[in-house]
Amino acid sequence: MTDPYADRTAVHEQVIDGFGTVRLLPLDAKGDAEVIHGWVSQERAAFWGMNGLTRDEVAGIYAHLDTLDTHHAYLVVKDGEPAALFQTYEPEADRVSECYDPEPGDIGVHLMLAPAGPGGARIGWTAALMHAVSSYVWLGLDRQRVVVDPDVRNGKAIERFLRLGFVSGPKVVLPEVNLPDVHLPEKHAQLAFLARPVAFPA
């Protein structure tokens, strides 16, 4: 099978034994809009906050994100198949900074996995993808701590982060963002943190 993403430059590529090759590609807001819109439109992605948006609206949001030096989006591809949407951001340049004091070396992340295929959930899939994106954050970006801010109602995501070693922080209310190019409603979030020594013990 031909890999439709083979000619795109990855910021990170990793072969994971027993899983496959994972590549992180800078998101093409227009070219990847069909795939991303298909994911964020599903009910399972309600906490991502894009339910009800058109494909062009989703593309517009990521085109705006692409103009920022502090926020980045990536399409995670596993053996040539789209597997996840991964985003990073500088906490001090994000609304989360109004809810906690960022430390040097902090980075914020969002991860949305692609819907399971016809065979249903795949054992080890989440852990393998998390390993790949974590390696990029720790080693590629040389960061010291990761912060996540899942919706407090998204117990599945919170539980997943805690299983991966994250430590719960405070429950906070992220303020509404209402700018010409982007609107984010108020969000009740559960902060959680993962320190590099926990993820990569010496």
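Helices (H or I, at least four residues) and strands (E, at least two) are DSSP runs, numbered from the N terminus. Before you start clicking, note that this is a predicted model, where local features need pLDDT of at least 70 and side-chain atom pairs count only at pLDDT 80 or more, while totals for chains, interfaces and linings use all residues. Residues are numbered from 1 along each chain as its sequence is written, and side-chain values use heavy atoms, leaving out hydrogens and water.

**First stop: E90.** Select E90, in the loop between β4 (81-89) and β5 (106-113). E90 counts as buried because its relative accessibility is 18% (buried means under 20% relative accessible area, with a 1.4 Å probe and protein chains only). Now show R143: a polar contact of 2.5 Å links its side chain to that of E90 (a pair of N or O atoms within 3.5 Å; within protein, one must be able to donate a hydrogen and the other to accept it, and residues adjacent in sequence count only if both atoms are side-chain atoms). Beyond neighbours within four places in sequence, E90 is in contact with T70, D106 and R143 (heavy atoms within 4.5 Å).

**Next: the sheet.** Colour the eight strands of the open, mixed sheet, ordered β1-β2-β3-β4-β5-β6-β10-β7. At its edges, β1 (12-16) and β7 (167-174) each pair on one side only (pairing takes at least two DSSP bridges between two strands). Zoom in on β2 (residues 20-26) and β3 (residues 71-78), antiparallel over five bridges; here V22 has K78 in β3 as its bridge partner.

Notes:
Buried < 20%, exposed > 50% of the residue type's maximum accessible area, 1.4 Å probe, protein only.
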